[in-house]
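Here is a friendly briefing to read alongside the model. Please have the sequence and the coordinates open as you go.

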Amino acid sequence: MELSNQLIFLAGSLFITSILATVITPRLGVPLLLIFLIVGMLAGEDGPGGVQFDDYGLASLAGTAALAVVLFDGGMRTSHASFRLAVAPAATLATVGVMLTTLLVGGFSAWMFDLSLAEGMLIGAIVGSTDAAAVFSLLHTSAVKLNERVTAALEIESGTNDPMAVFLTIALLQYLLAPTDYSFADSLLLLVQQMGLGALIGIAGGRGATFALNRLELSDSLYPLMALFSGFLIFGFTGLLGGSGFLAAYLAGMELGNRRVRGIAGIKRFHDGVAWMAQIGMFVILGLLASPRDLLQVAVPAMLIALVLMLAARPLAVLLCLLPFRFPMREQVFISWVGLRGSVPILLATYPLLAGVENAGLFFNVAFFIVLVSLVVQGWTIAPAAKLLGLNIPDSAALVRRVDFDLPGTRGYEIVSYRIGDSSPLIGMKSRQLPLDDISRIVCLARRGKIISYRDWGNLRAGDYISLLASQEELPKLDKLFQAQVRPQSAAEEQRFYGEFRIDPSAPADALAEAYGVPVPEAAKGRSVAAFFETVIPRPVIGDRLRLGEVELVVKRLDSDHVAEIWLRLPH
């Protein structure tokens with residue numbers, strides 16, 4: 001009984017310490033995941049905590065389960081539009097990029113430690129993939145606001161590159177354990193099986209979970225749990241069949257998050273908290289495994305390998321993988337720098353220990369040290385790097401919160417709240433002048449911390465909070481209305497970033513495309529720019545954006561629901 005109390009007290013102390021760190025560290029710019037890892041190390045055998053923990057099997061199980069939760073949650077927050085926008089470059093980075101990184105880092109590691117080439121390649125495979133937990137966490141901070149293509153490419157890459165790293169690690173372990181029985185054909189079959197089953201079961205499982213959540217009559221508090229354990233079920237079932245549970249969890253989450261699901265807002269809020277708990281637990285447990293004394297013994301060679309990874313292998317892999325996709329050089333540099341290593345390399349580094357291969361301890365310590373260097377150097381400098389490269393775009397977010405609201409006999413409604421920005425064109429409008437569909441209803445308006453009576457609403461003012469009851473189908477239109485219209489406090493800031501200027505709405509759209517050297521869309525042929533815009537986006541609102549190759553068209557003014565003024569943005 002005493003042991004149980006001590007373990008519960010220890011777990012509570014570690015989690016509370018990690019949670020409190022989230023209040024302080026963002027102000028210092030310190031990556032939170034680094035803090036969680038350090039908390040675990042301080043609680044370990046060489047730290048003040050003195051906890052003796054060397055159960056690599058338990059750590060691997062806990063880390064795998066936690067990563068499944070993080071990937072499932074990350075998938076739910078990846079829209080289909082973002083996925084389609086960046087799936088090709090992200091998939092190339094997640095496969096070819098990981099293999100190139102493994103080859104370059106593996107060759108250097110073999111030379112550095114005087115290992116066999118296969119052992120060096122094992123180190124390369126272990127640290128070859130970027131970490132979903134680290135990337136999702138660091139890209140969703142207030143200090144980093146990137147364009148959608150770069151963000152989507154990084155997130156999708158980190159969510160889908162684990163199968164390749166796992167495949168390479170397992171294949172190299174099989175070779176090291178039984179080189180005479182190793183078959184390249186078997187490894188190739190394993191790769192196809194991992195990727196294929198992971199994708200098929202993930203997509204099918206996500207749709208099946210959506211069907212079940214919409215058909216079953218459960219208590220409101222059980223829908224998030226149903227979704228969570230559906231993710232675990234999909235992950236485990238895929239693994240039992242020999243597929244990649246990591247890929248399946250990510251794709252299942254994406255399918256669930258992009259469909260009309262009962263209680264989806266509550267499910268996402270619940271999973272956000274569970275994902276935080278999973279990240280804290282995963283990094284603290286993995287931190288407990290490390291011994292600072294052992295890390296110091298490999299510090300110099302591991303630091304050199306980390307530098308090769310960050311400054312040579314990753315940039316070269318990104319450059320080669322993104323050649324067909326016409327990413328600007330500054331975006332390629334940033335993508336190279338955000339090759340964050342985190343829980344996945346440490347998790348994969350437990351595989352050699354569990355398999356009992358020679359030099360397994362060396363592989364673990366090197367991987368752990370590389371993760372520390374990546375989180376300290378890259379994690380600490382992501383925001384400054386985005387600013388230095390001119391990739392931070394003006395933040396026009398106005399959405400405050402969304403609350404799922406199932407009315408009796410109906411499904412798919414939410415109460416959504418927006419803040420009226422200081423320079424919003426909505427300022428001065430009366431509520432009845434807002435271009436809302438008949439199905440959307442304003443439920444309240446808050447001003448200066450108080451809810452205002454309907455009779456006193458008057459004209460909208462900067463700082464007002466407006467809440468609406470709306471169908472989930474109407475939410476994208478409402479987001480455009482309230483978010484896209486909010487201009488930055490300094491209009492010059494946005495213009496400086498985009499190189500924005502006005503174009504004639506009646507100008508031929510195909511001539512505009514040709515002028516900027518981009519393929520002429522079918523919808524643009526024989527139409528004016530305004531007609532082309534209204535063909536692609538029926539019933540546009542002010543702030544709607546349409547990408548045409550490298551340029552972006554933005555609606556600035558409407559006349560009787562027709563586009564009357566269009567500006568062109570060309571990122572420099």
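Helices (H or I, at least four residues) and strands (E, at least two) are DSSP runs, numbered from the N terminus. This is a predicted model, in which local features need pLDDT of at least 70 and side-chain atom pairs count only at pLDDT 80 or more, while totals for chains, interfaces and linings use all residues. Residues are numbered from 1 along each chain as its sequence is written, and side-chain values use heavy atoms, with hydrogens and water left out.

**Confidence**

- The protein has a mean pLDDT of 83, and 88% of its residues reach 70 or more; pLDDT is the predictor's confidence in each residue, from 0 to 100.
- Residues 484-491 have pLDDT below 50, and this stretch has 20 contacts in the model beyond near neighbours in sequence (contact means heavy atoms within 4.5 Å).
- Where pLDDT is low, the predicted coordinates should not be read in detail.

- Look for Asn 161 in the loop between helix 7 (148-160) and helix 8 (162-177).
- Is Asn 161 buried or exposed? Its relative accessible area is 0%, so Asn 161 is buried (buried means under 20% relative accessible area, exposed over 50%, partly exposed in between, with a 1.4 Å probe and protein chains only).
- Leaving aside residues up to four places away in sequence, Asn 161 touches Ala 94, Val 98, Ser 129 and Thr 130.
- With Thr 130 there is also a side-chain to side-chain polar contact at 2.8 Å. A polar contact is a pair of N or O atoms within 3.5 Å; within protein, one must be able to donate a hydrogen and the other to accept it, and residues adjacent in sequence count only if both atoms are side-chain atoms.

**Strand 5 and its partners**

- Strand 5 spans residues 465-471 and is mostly covered, with six of its seven residues buried.
- Strand 2 (residues 413-419) pairs with strand 5 in the antiparallel sense over seven bridges; two strands pair if DSSP finds at least two bridges between them.
- In this pairing you can find Arg 419 opposite Tyr 465 of strand 5.
- Strand 3 (residues 441-447) also runs antiparallel to strand 5, and five bridges join the two.
- Here Ile 442 stands opposite Leu 468 in strand 5.

**Salt bridges**

- How many salt bridges does a search of the whole structure find? The search finds six, a salt bridge being a side-chain nitrogen of Lys or Arg within 4 Å of a carboxyl oxygen of Asp or Glu.
- Side chains of opposite charge can pair when their charged atoms come close.
- Asp 73 and Arg 77 form one of them, with the closest N and O atoms 3.1 Å apart. Asp 73 is buried at 8% relative accessible area, while Arg 77 is partly exposed at 37%.
- Arg 314 and Glu 157 meet through their side chains at 2.7 Å, N to O. Arg 314 lies in helix 14 (residues 299-321) and Glu 157 in helix 7, so this pair ties together parts that are 157 residues apart in sequence.
- Both ends of that pair are buried: Arg 314 has a relative accessible area of 5%, and Glu 157 has 2%.
- Glu 217 and Arg 262 meet in a salt bridge of 3.4 Å, N to O. This pair links distant parts of the chain, 45 residues apart: Glu 217 is in the loop between helix 9 (184-215) and helix 10 (222-240), and Arg 262 in the loop between helix 11 (245-257) and helix 12 (264-289).
- Glu 217 counts as exposed at 67% relative accessibility, whereas Arg 262 counts as buried at 9%.
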